[in-house]
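Hi everyone, thanks for coming along. Today I'd like to walk you through one protein structure, a stop at a time. Please have a look at it before I start.

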Amino acid sequence: MVKIAVIGGGAAGMACAVRLARAGREVVLLERGERLGRKLSATGNGQGNVTNLAMDASHYFSDDPEKVGRILSRFSARDAVAFLESMGGVFLPDARGRVYPAGRQASAVTDLFRRELATLRVRVLTGARVTDLSRRGRFTVKFTGGEEAADAVVLAAGGRAAKQFGTDGTAYALAERFGHTVTPTSPVLVQLRCDPAAVRGLKGIRVDAGLRVLRGGRAVYTCRGDVLFTESGISGDAVFRASSHARPSDMVSLDLVPDADTARLERAVGAGEGGLLCIVNNALGRHLFRLAQGDRARVLSLLKAFPLPVTGTLGFDYAQATRGGIPLAELDGHLMSKLCAGLYFAGEIVNVDGECGGYNLHWAFASAHAVGEALS
Ligand SMILES: Cc1cc2nc3c(=O)[nH]c(=O)nc-3n(C[C@H](O)[C@H](O)[C@H](O)COP(=O)(O)OP(=O)(O)OC[C@H]3O[C@@H](n4cnc5c(N)ncnc54)[C@H](O)[C@@H]3O)c2cc1C
């Protein structure tokens, strides 16, 4: 029987293992942590945003959008839901098309995988950090505590983001042994750092804002959503989405009152600081008047375009995903290495990252599906 070693027990690795075991393959799943799916259990603020009904390649960043599109065309959001529900549970979209388990508990999604893997009698080795991978005829997978031979290997060891879940970027070296390169990596879906002077005194204030990322004065990204001022910059749903597009030295411009009409705002600002009561947070209103040194036209303009110079991000430790990784150019349409037959890749280790909203987990499942098509 063909034996496949899957390296990494995250969303992509577990999905691969389930698919391959269902197809009758002998599978060994190696995970360096003590438990499977630790990151999956933390997703979506613990609620698990597993996919998005608005699914196409325009929501992804990679070195080959067409290849991403072809993989997604074979695995839609409905397919992701059907796959998850084939293990149990019910998955439902919210008003923005983001799909969650009905019970809104990400750890329960991990439990579905664990139960299915046990039912399929997949050999799961935890505490098994793979340290070396080589091929002479068959593959040899060396890990802390042992060694396994396999006919094919799926490298699903994640990227560099959120190393508390076992992903510190060291697994790229396993691919580099076969001549693979790693495109430059950077953290995405992460808080933005801003000039500290611009956010001083605003920590903890949350606004529903229109957000624009400006580069050289031109808007390169626009969205609307939650923005939370922090000690060092801005966080929140809109900021996470914008972080996929923003670069250091860009400017973020916030419309702090996206639904208010100009005539009412003019009247309010004309009444002085107190006029902004119940229009923006009190402390924010005072901050705007201070910044504008009482100039009411300036307050009005700050309300609609509050400028925040971006200086960077909070970094990989706080990021949800990794930009960069093993380039698609080095992989075929089923994510098999063009440099080493039988070596496959799935999930975040590949140079594909999605926008906020379920796109990264979808990629984990869709890439596992692509690998499964080839190896089944
Ligand atoms: C806090 C947080 C919230 C998120 N929320 C969402 C969300 O709601 N929706 C969404 O779509 N995406 C979300 N993401 C992103 C998403 O979780 C990841 O993109 C996705 O889990 C990647 O899956 P993966 O299997 O490729 O990698 P991972 O889930 O990172 O799994 C890789 C596994 O490989 C193991 N590993 C690494 N090296 C080795 C080795 N040498 N040997 C053996 N094992 C190894 C790691 O321990 C890890 O368990 C979130 C991420 C974070 C951090």
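Predicted model: local features only at pLDDT ≥ 70, side-chain atom pairs only at ≥ 80, totals over all residues.

Let's begin on the outside, with Arg-78. Arg-78 has a relative accessible area of 62%, so it counts as exposed. You'll find Arg-78 in helix H4.

Is Phe-83 buried or exposed? Its relative accessibility is 4%, so Phe-83 counts as buried.

Next come the aromatic rings. How many aromatic pairs are there by the rule used here? The count comes to seven. Let me show you one with Tyr-60 and Tyr-359. The centres of these two rings are 5.8 Å apart and their planes stand at 90 degrees, so the pair is edge-to-face. What parts of the chain does this pair link? Tyr-60 is in strand S4, residues 60–62, while Tyr-359 is in helix H12, residues 359–375, so to speak a link between distant parts, 299 residues apart. Both Tyr-60 and Tyr-359 are buried. Together with Trp-363, Tyr-60 and Tyr-359 form one aromatic cluster.

Phe-83 and Phe-113 make a tilted aromatic pair, with 6.2 Å from centre to centre and 55 degrees between the planes. Because Phe-83 lies in helix H4 (residues 77–85) and Phe-113 in helix H5 (residues 106–119), this pair ties together parts that are 30 residues apart in sequence. Phe-113 has a relative accessible area of 0%, so Phe-113 is buried.

The charged end of Arg-19 sits over the ring of Phe-83, at 4.4 Å from the ring's centre. There is an arrangement of this kind at Tyr-100, where Arg-104 lies over the face of the ring, 3.9 Å from its centre.

Arg-19 turns up again at our next stop, His-369. This histidine lies in helix H12. With 16% relative accessibility, His-369 counts as buried, because the cut-off for buried is under 20%. Which residues is His-369 in contact with, leaving aside neighbours within four places in sequence? They are Arg-19, Arg-74 and Phe-75. As for Asp-63, its C-alpha atom is 20 Å from that of His-369, and the two residues are 306 apart along the chain.

Let's move to helix H10, which covers residues 282–291. Which residues of H10 are buried? They are Leu-284, Gly-285, His-287, Leu-288 and Phe-289.

Let me zoom in on His-287, one of the buried residues of H10. Its relative accessible area is 7%, so His-287 is buried. Leaving aside neighbours within four places in sequence, His-287 is in contact with Ala-198, Arg-200, Leu-202 and Phe-306.

What happens at the N-terminal end of H10? Asn-281 caps it, with a side-chain oxygen 2.8 Å from the backbone nitrogen of Ala-283. H10 is followed by Gln-293, whose phi is positive, near 50 degrees.

That brings us to backbone angles. Most residues other than glycine have a negative phi. Asn-45 is not a glycine, yet its phi is positive, about 55 degrees. Asn-45 is in the loop between helix H2 (38–42) and strand S3 (51–52), and its 78% relative accessibility means that it counts as exposed. Ala-162 also has a positive phi, near 55 degrees. Ala-162 is in the loop between strand S11 (152–155) and helix H6 (172–176). Is Ala-162 buried or exposed? Its relative accessible area is 6%, so Ala-162 is buried.

My last stop is the second largest pocket, which holds about 200 Å³ of space. It is lined by 15 residues, and the closest to its centre are Ser-186, Ser-243, Ala-246, Arg-247 and Pro-248. Strand S12 (186–188) and S18 are the elements that give two or more residues to this lining.

Technical notes
Residues numbered from 1 in each chain as written. Heavy atoms only, no water. Buried < 20%, exposed > 50% of the residue type's maximum accessible area, 1.4 Å probe, protein only. Helix = DSSP H or I, 4+ residues; strand = E, 2+ residues; numbered from the N terminus. Polar contact = N/O pair within 3.5 Å; in protein donor to acceptor, adjacent residues only side chain to side chain. Phe/Tyr/Trp six-rings, centres within 6.5 Å; stacked < 30°, edge-to-face > 60°. Lys NZ or Arg CZ within 6 Å of the ring centre and 35° of its normal. 1 Å grid on protein atoms, 1.4 Å probe; cavity = no way out; pocket = protein on both sides within 12 Å on 5 of 7 lines; lining within 4 Å. Points joined across faces, edges and corners; volume = space filled by probe spheres on them. Contact = heavy atoms within 4.5 Å.
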